[in-house]
Amino acid sequence: MENRFVRPFAHRVSHSHLWRFTRTSVPRGTALGLFVGIFFLLPGVQILGVALLALPFRANIPIGAAMTFLSNPLTTPFIIAASVWLGDNIFGFRANVGAFNAMLEQGATLGQWSRWLLSDAAPALISGLFIISLVTAVVGYFLAMLFWDNRIRMKWRRKLRQAADQRLGLSTSDRTDG
């Protein structure tokens, strides 16, 4: 916090919602991490983007950073293909998903990728990525809320059961002594 680059933001960066696991910060971090992780497929940009966007949204930074790993080298080709297909079918772009797959398998050059992106593929890809990342973020938010609520409910049930067992244990020991 004493770093000269962090010092102007230290009061914001050290806020407890960003680092503690709370009922509100965990679902926000989950949604933010999923959205940024899928929409921005560049590995260095994802975690930095989550950290910067977590400030105004008061989202949990560690959860958000962890959720960005959903898009990894194994899932990225599927996410891109699904995004192009979705953008193509919803918005009527004429991007060719088959050309994407062929270029991926053949190890296309940077020039070939540039020409592909300058066609209808770029708008289809961006619109598809936006839709997939938005839907994934909303689903992730609600799943994290359900998980959190279920976790709290289980804790309360365990505490109530322990309290009931203690009361029952005290009442039986009182009866045997007296």
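**The α3 and α4 pair and its surroundings**

Guide: Helix α3 passes helix α4 in a right-handed crossing. The model is a predicted one. α3 covers residues 25-39, and it packs against α4 at an angle of about 140 degrees, the two axes lying 9 Å apart. That makes α3 oblique to α4, because the label roughly antiparallel is kept for angles over 145 degrees.

On the α3 side, the contact is made by Arg28, Leu32, Gly33, Val36 and Gly37. These meet Gln46, Gly49, Val50, Leu53, Ala54 and Phe57 of α4. Sorted by class, the residues of this contact are six nonpolar, four polar and one charged.

As a rule, most residues other than glycine have a negative phi. Arg58 has a relative accessibility of 40% and so counts as partly exposed, since that class lies between the 20% and 50% limits.

Asn60 lies in the loop between α4 and α5 as well. At 0% relative accessibility, Asn60 counts as buried. A polar atom of the Asn60 side chain lies 2.9 Å from the backbone nitrogen of Ile63. Asn60 and Val50 are 10 residues apart in sequence, and their C-alpha atoms are 9.3 Å apart in space.

Ser133 has its place in helix α8, which runs over residues 110-177. Ser133 is buried, with a relative accessible area of 0%. Leaving aside neighbours within four places in sequence, Ser133 is in contact with Phe35, Ile38 and Phe39. A polar atom of the Ser133 side chain lies 3.0 Å from the backbone oxygen of Phe130.

Helix α6 (residues 76-91) and helix α7 (residues 97-106) pack at an angle of about 160 degrees, with axes 9 Å apart. That makes α6 roughly antiparallel to α7. The crossing of α6 past α7 is right-handed. From α6, the contact draws on Pro77, Ile80, Ala81, Val84 and Trp85, while α7 supplies Val97, Phe100, Asn101 and Leu104. By class, this contact has eight nonpolar residues, one polar residue and no charged residues.

Asp88 is also in α6. Asp88 is buried, with a relative accessible area of 16%, a value that falls in this class because the limit is 20%. Not counting residues up to four places away in sequence, Asp88 touches Phe93, Arg94, Ala95 and Ala124.

As for the chain as a whole, it has eight helices and zero strands. Buried residues make up 33% of its 178 residues. Among contacts between residues at least 6 apart in sequence, 70% join residues at least 24 apart.

Note on methods
Residues are numbered from 1 along each chain as its sequence is written. This is a predicted model: local features need pLDDT of at least 70, side-chain atom pairs count only at pLDDT 80 or more; totals for chains, interfaces and linings use all residues. Side-chain values use heavy atoms; hydrogens and water are left out. Axes are lines fitted to C-alpha atoms, for helices over the stretch in contact, and angles run from 0 to 180 degrees between N-to-C directions. Helices (H or I, at least four residues) and strands (E, at least two) are DSSP runs, numbered from the N terminus. Angles under 35 degrees count as roughly parallel, over 145 as roughly antiparallel, 65 to 115 as roughly perpendicular and the rest as oblique. A crossing is left-handed if the near helix is turned anticlockwise from the far one by less than a right angle, and right-handed if clockwise. Contact means heavy atoms within 4.5 Å. Ala, Val, Leu, Ile, Met, Phe, Trp, Tyr, Cys and Pro count as nonpolar, Asp, Glu, Lys and Arg as charged, and the others, Gly among them, as polar. Buried means under 20% relative accessible area, exposed over 50%, partly exposed in between (1.4 Å probe, protein chains only). A polar contact is a pair of N or O atoms within 3.5 Å; within protein, one must be able to donate a hydrogen and the other to accept it, and residues adjacent in sequence count only if both atoms are side-chain atoms.
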